[in-house]
Amino acid sequence: VSHEMRTPLTAILGFVEFMLNNEVDREQQIDFLRTVLQETERLNELISNFLDLQRLQAEIGQYQFAVVEICPLLEQAVGQFQMTSQKHILQIECSEGLPLAKADARRILQVIKNLVSNAVKYSPEGGEIVCAARQEGGMLLISVRDQGMGIALAERERIFEQFYRIDDSEKRIPGGIGLGLALVREVVRAHGGRVWLESEVGAGSTFYFSLPIAADEQVDSEPT
């Protein structure tokens, strides 16, 4: 964990120190600042996932269940990555008349963001990423599909374990510490749902999670 935290921090310090000690034209400044922003977001996500997972596993994470709409959460998550990922085409597919879910909107937004972040990360050449939601029986089924590298069968058995990482050294994929999907599983389980994936090496992956449908109640506002 400490190694993964130092990596983005070292990059941030290096670029800031260089700009303070050298004359840098505006175009290069923007390029450097973009890298600093990306590394800062990466560090923030890493710390947030680590702390959240520890709280959830210690059963001190507080859930605020309410009746929420899933499609606005998909739109909010996708909107964030549309601004930072130029190589990918992000789309949303929501069934008409989709029922409401009984969920903690903030936590489910965190789940969706983690899945979209993974889809972007493991499709470095770009392509289409589709976030979808539909009803299946008494559950809502939410999915995130990419056209990336795919995941080998042996890896799929362990990918949701805490600190487990796919061996991506040959593909030069930015590292992580294997907390994002572990957090996804903890949150979905707490909602009474389950999470799984389908994948084909070289053709992409689809991550799914399910949520119980809520009874007719007033919809909650979007998370801030």
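This briefing covers the fold, the surface and the aromatic contacts of one protein. The model is predicted: local features need pLDDT of at least 70, side-chain atom pairs count only at pLDDT 80 or more, and totals for chains, interfaces and linings use all residues. Residues are numbered from 1 along each chain as its sequence is written, and side-chain values use heavy atoms, without hydrogens and water.

**Fold and surface**
- The protein has six helices and seven strands (DSSP runs of H or I, at least four residues, and of E, at least two).
- From the N terminus, the order of elements is α-α-β-α-β-β-α-β-β-α-α-β-β.
- Of the 224 residues, 43% are buried (under 20% relative accessible area with a 1.4 Å probe; exposed is over 50%, partly exposed in between).

**Aromatic pairs**
- There are four aromatic pairs (ring centres within 6.5 Å; planes under 30 degrees apart are stacked, over 60 edge-to-face, the rest tilted).
- Phe15 and Phe32 make a tilted pair, with 5.0 Å between centres and 55° between planes.
- Phe15 belongs to helix H1 (residues 2-21) and Phe32 to helix H2 (residues 26-57), so this pair ties together parts 17 residues apart in sequence.
- Phe32 is buried at 11% relative accessible area, while Phe15 is partly exposed at 24%.
- Phe18 and Phe32 pair edge-to-face, at 5.7 Å and 80°.
- Phe18, also partly exposed, has 38% relative accessibility.
- Phe15, Phe18 and Phe32 form one aromatic cluster.

**Charges over rings**
- The charged end of Arg107 sits over the ring of Tyr63, 5.7 Å from its centre (CZ of Arg or NZ of Lys within 6 Å of the ring centre and within 35 degrees of the ring normal).
- The charged end of Arg194 sits over the Trp196 ring, 3.8 Å from its centre.

Conventions: Rings of Phe, Tyr and Trp (its six-membered ring) pair if their centres lie within 6.5 Å; planes under 30 degrees apart count as stacked, over 60 as edge-to-face and the rest as tilted.
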